[in-house]
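Q: I would like to learn how to read a protein model. Please take one feature at a time.

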Amino acid sequence: MKNYVLKTYLTFCFLLICLLSFQTDLNAENPLKIPTVSAEHIHPRGSYQNSKQKFETEKTGHVAFLGGSITEMKGYRPMVCQFLEKTFPETKFQFTNAGISSTCSNTGAFRTSRDVLSQGPVDLFFVEFAVNDDQDARHSGTAAVRGMEGVIAQIRRHNPYADIVMVHFVNPSMLETIQQKKKPLSSSSHERVARHYDISTIDLASEVARLIQEKQLTWKQFGGTHPAPFGNAICAAMIEKLLTKYWQETSQRTKHASPTKLLDPFSFQNGRLIDVKNAKSDSGWIIEIPQWDSIPGSKRSRFTSIPMLCATKAGAETELAFNGTALGVFIVAGPDAGILEVSIDGEPFQPFDLYHHYSKGLHYPRSVVFSSELKPGKHQAKIRVSKKSSSKGHAARIMYFVGN
C-alpha cells in the first residue's frame with residue numbers, strides 16, 4: 001500500500017513538472033503581444049547616423065541612460081539594451097545606468113558629470129524626467145527647462161557627435177491632463193528643450209492615452225507610474241521604431257549643430273556637485289555617516305554609506321565660497337527635516353524648507369536650489385538652521401552642495 005501511494009505521488013509530481021514545462025514553453029512561444037505603436041507620438045528630429053556608424057564601423061559604443069526610478073528599474077532600459085545588442089551583434093557595448101530613484105532633471109543636471117560623463121564620451125543617450133519633474137519635484141516650467149537643458153548641453157559639449165533620445169513617461173495626473181486635451185507642464189517643457197536642440201522625443205504619455213482611448217490598453221495593463229514589463233515594452237517598441245527608421249539611412253558621421261543661444265540663460269549647462277568639505281562650519285555641523293539605525297524613517301541603501309554634512313539643532317551655521325550663477329544642496333530629507341535660512345553676498349536670509357511631501361516616512365533624496373539667477377563670478381553664502389520647522393526636527397543632511 002505504501003509503495004502504491006509513493007508511486008502515485010511520484011507520477012503526480014512528474015505530470016505536474018511536465019505541465020509546468022509545457023506552459024513555460026507555450027508562454028515563450030506566445031509572449032504577451034503589445035499593441036501596435038503608432039508614429040503619431042514619436043517626434044523625429046535631427047540625425048542618428050553618428051551612433052549607427054560608430055556601432056557598425058568601430059564595433060564599440062557607449063550607451064547611457066539618465067533618469068529617475070523608471071530608468072533605474074528593470075524596465076525599458078534593459079529592453080533597449082537587448083534591441084541594440086540584437087541589431088549590432090558584433091558590437092561591444094558599454095551600458096551606463098545613471099537612474100536614481102526620485103531624482104528630478106535639476107538633480108540630473110548637477111550629477112551628469114559624475115554619473116555619465118565620467119564613464120567616457122556617450123554615443124547614444126536616453127533621458128527621462130517627465131514624471132519626477134511633475135509628481136516629485138513639482139517643478140515650474142522654468143525649472144524643468146533649466147534642468148533638462150543643463151543635461152543636454154553637457155552631453156553635447158562633452159561629445160558633439162552624441163545622439164540623444166528624450167522619453168516622456170506618464171503618471172495618472174499627467175494622463176488625465178492629456179485626456180483633457182492639454183499638455184503636462186513637465187513633458188511640454190522638456191519638449192521645448194528637445195526642439196531647441198533638434199532631438200527626437202518618445203511621447204509615451206500621449207501614446208498610452210491614445211491606446212487607452214481606443215480601448216487597446218488599460219492603465220492596469222500598462223502597470224502604473226512604474227510600468228509593468230508590458231508597459232515598458234510599449235516604450236521600447238516606440239524607441240525601436242524611431243531608431244530603425246533612422247538607421248535605414250546611410251551617411252557619414254557629423255557633429256550635431258549647437259544652438260547659438262541657450263533656451264534659458266540660467267539653465268544648468270555647467271551643473272556640478274560641490275564637496276561638502278569646502279564649507280566652513282561651526283560646531284553645530286559635522287561631516288559624518290549618520291547613525292541611521294537610531295534615526296526614524298526608512299532609508300535607501302545607496303545613501304546610507306555616504307558621509308554628509310549634518311546638523312540637527314537650530315542655529316547651526318556654515319559658510320561656503322563658490323563660483324557660478326546657482327547654489328543649492330543635494331540632501332536626504334526625512335521625517336525630521338528642518339528649514340535652512342540662506343544669505344548670499346550679504347542679502348537678507350531666505351528660508352528653504354527641506355521637508356518633502358514624501359518625507360513623512362522616508363529620507364527622501366532631493367535637490368533644493370537656493371538661487372539660480374546670480375551674476376557669474378565668485379559668491380559667499382551663509383547658511384543656518386532655522387528655529388522654525390514644519391517637521392519633527394531641525395535636521396539637515398547634505399550630501400553635496402550643487403552649483404552651476
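Q: What percentage of the residues in the protein chain is buried?

A: Buried means under 20% relative accessible area, exposed over 50%, and partly exposed in between, using a 1.4 Å probe and protein chains only. Here 52% of the 404 residues in the protein chain are buried. This is a predicted model, in which local features need pLDDT of at least 70, side-chain atom pairs count only at pLDDT 80 or more, and totals for chains, interfaces and linings use all residues. Residues are numbered from 1 along each chain as its sequence is written, and side-chain values use heavy atoms, leaving out hydrogens and water.

Q: How many helices and strands does the protein chain have?

A: Both are DSSP runs numbered from the N terminus: helices are H or I with at least four residues, strands E with at least two. The protein chain has twelve helices and 17 strands.

Q: How many residues of helix 5 are buried?

A: Nine of the eleven residues in helix 5 (residues 105-115) are buried, among them Phe110, Arg111 and Asp115.

Q: What is the strand order in the open sheet of five strands?

A: Strands of a sheet pair through backbone hydrogen bonds, either parallel or antiparallel. Two strands count as paired if DSSP finds at least two bridges between them. In this sheet the order is 8-11-16-13-14, and the pairing is antiparallel. Strand 8 (280-281) and strand 14 (350-353) are the edges, each pairing on one side only. Strand 11 (residues 317-323) is joined to strand 16 (residues 378-385) by seven bridges, and Glu319 stands opposite Lys382 in strand 16.

Q: At what angle do helix 8 and helix 10 pack?

A: Two packed helices are described by the angle between their axes and the distance between the axes. Axes are lines fitted to C-alpha atoms, for helices over the stretch in contact, and angles run from 0 to 180 degrees between N-to-C directions. Helix 8 (residues 172-179) and helix 10 (residues 204-213) pack at about 65°, with their axes 9 Å apart. That makes helix 8 roughly perpendicular to helix 10; angles under 35 degrees count as roughly parallel, over 145 as roughly antiparallel, 65 to 115 as roughly perpendicular and the rest as oblique.

Q: Which residues of helix 8 and helix 10 make the contact?

A: Contact means heavy atoms within 4.5 Å. Helix 8 contributes Leu175, Ile178 and Gln179, while helix 10 contributes Ala205, Ser206, Ala209 and Ile212.
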